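Q: Could we go through this structure together? I would like to begin with a helix and then move on to other parts.

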Amino acid sequence: MATGPRNPVWRPAAGARFFCTVGRGLEPFLMREVRARLEATEVEYILGKVFFTTCSDLNMLKKLKSAERLFLLIKKEFPFNVSSVSKGKIFSDVQRLINDDPESWLNVISIWKNLLELDARKEKLSQRDANPQKIKMGKNDTIIGKKLKTEQMQETEENRECQLEKQTEETLEQGDSLAKREKFQEEEFPNDVAKAADTCNGNNLTFRVSCRCSGAIAKTFSAQEIGRIVGITLMKQFGWKADLRNPNLEIFIHLSDIYSVVGIPVFRVPLASRAYIRTTGLRSTIAWAMASVAEIKAGMFVLDPMCGFGTILLEAAKEWPDVYYVGTDVSASQLLGACDNLTAAGLKDKIELLKVSVIGPGILWPMPYSARFMKLPGCPFGESEGNVGSDENCLCLQKVWMLLFLTFHLGKSLS
């Protein structure tokens, strides 16, 4: 299997072909995002998936916000016809996904390995740049350790020579035995090196198959049956080993009435799993899409009047940091969860949470509206003060449209 070049700025010459799984209805959001964020080309979609070509590295691919999971595409073909075909014919068609063009599989595996190696090298370089003093001390420790090890080896070698001389003087038989043992070790050492090199080159690659069937094919075959056929074919074709618990590689297959797709997950953890969200509320991909609908720009003031765990505000603040965000909710438990999320994301200074009801007479700020908002810079809606009344606690939502861009959980934005 070909290994990638060692140039740290390696990228696929013509771009690699990827696809993302996405929540239904979010396909247009992801298509716009990959074009804007990754400069992707050949962007197309089918229900629940978006396909695109890009030269971006893993650091850029990780920034996709509206995608669920990211895959390198191996095959995308028409669906199997299961209406009047025997099981043996379908199994043969599944095997042809692999046997008809094994070179395409090896090319995608090579791209996958190169992407991971490049990412690992960049991570090491960033860690080295972040801790130069620590690395210098580590190098000194390594030099000292090597010197000590060399001295110990020399002492050991001297002791060993003395012991061998004594053993040779005592009996010739013991000397012959020692010579045979050393010869055996010399012969075995190259074999161990070759075995290690074999593993590094990917000849001992381990894998597992994740299969999903939907539509008519799911009524005829189970995902386990399809996965078993694919696994056996891969072992015969490439000599890989199956490992269901801790594989090097995962093969993803989705067979439906619309398409047959085969790919490799680029990341073990889904893109939709945000590390900064401790208490899960609204789905992160949906929250990001809703925030993007609001067309937020620097200097705006964004209010989520029913913020819950603050997921919309979190996604917006991560993407558009130069904005003032306010989240309100009537539930203390929801606000506590939102506060935990803000702390985990490091955004407590970017988002303000208030316990406020948006129904009836409880729609009140705990402090004067004008005092809270009149001094904030960059007001995009014309009026900079928002005087609604003379009371210290005024009905804020009567004229909040003058200053705030409201994003509701219904997915609509008002200004």
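**Helix 1 and beyond**

A: At 1.5 Å a residue, the twelve residues of helix 1 (residues 27-38) should span 16 Å, and the end C-alpha atoms are 16 Å apart, which agrees. Please keep in mind that this is a predicted model.

Q: Which residues of helix 1 are buried?

A: Glu 27, Phe 29, Leu 30, Met 31, Glu 33, Val 34 and Leu 38 are buried in helix 1.

Q: And what do those buried residues pack against?

A: Three strands are involved, namely strand 1 (16-21), strand 2 (41-46) and strand 3 (49-54). The buried residues of helix 1 also pack against helix 2 (58-61) and helix 9 (284-293).

Q: Which residue follows helix 1, and what is its phi?

A: Glu 39 follows helix 1, and its phi is positive, near 55°.

Q: Changing topic: how much space lies in the largest pocket?

A: The largest pocket holds about 310 Å³ of space.

Q: Which elements give two or more residues to its lining?

A: They are helix 4 (102-130), strand 7 (249-255) and strand 8 (260-265). Helix 4 gives the most, with three residues.

Q: How many residues line the largest pocket, and which lie nearest its centre?

A: The lining has 16 residues, and Leu 116, Pro 265, Val 266, Phe 267 and Arg 268 lie nearest the centre of the pocket.

Q: How do the lining residues divide into nonpolar, polar and charged?

A: Nine are nonpolar, one is polar and six are charged.

Q: Now to Thr 206. Where does it lie?

A: Thr 206 lies in strand 5, which covers residues 206-213.

Q: Is Thr 206 buried or exposed?

A: Thr 206 has a relative accessible area of 15%. Buried means under 20%, so Thr 206 is buried.

Q: Which side chain does Thr 206 join in a polar contact?

A: The partner is Asn 248: a polar contact of 2.8 Å joins the side chains of Thr 206 and Asn 248.

Q: What else does Thr 206 touch?

A: Leaving aside residues up to four places away in sequence, Thr 206 touches Lys 241, Asp 243, Asn 246, Pro 247 and Leu 249 as well as Asn 248.

Q: Finally, the whole chain: how many helices and strands does the protein chain have?

A: The protein chain has twelve helices and 13 strands. Of its 415 residues, 38% are buried.

Q: And what of contacts between residues at least 24 apart?

A: Among contacts in the protein chain between residues at least 6 apart in sequence, 71% join residues at least 24 apart.

Definitions and conventions: Residues numbered from 1 in each chain as written. Predicted model: local features only at pLDDT ≥ 70, side-chain atom pairs only at ≥ 80, totals over all residues. Heavy atoms only, no water. Helix = DSSP H or I, 4+ residues; strand = E, 2+ residues; numbered from the N terminus. Expected span 1.5 Å × (residues − 1). Buried < 20%, exposed > 50% of the residue type's maximum accessible area, 1.4 Å probe, protein only. Contact = heavy atoms within 4.5 Å. 1 Å grid on protein atoms, 1.4 Å probe; cavity = no way out; pocket = protein on both sides within 12 Å on 5 of 7 lines; lining within 4 Å. Points joined across faces, edges and corners; volume = space filled by probe spheres on them. Nonpolar A, V, L, I, M, F, W, Y, C, P; charged D, E, K, R; others polar. Polar contact = N/O pair within 3.5 Å; in protein donor to acceptor, adjacent residues only side chain to side chain.
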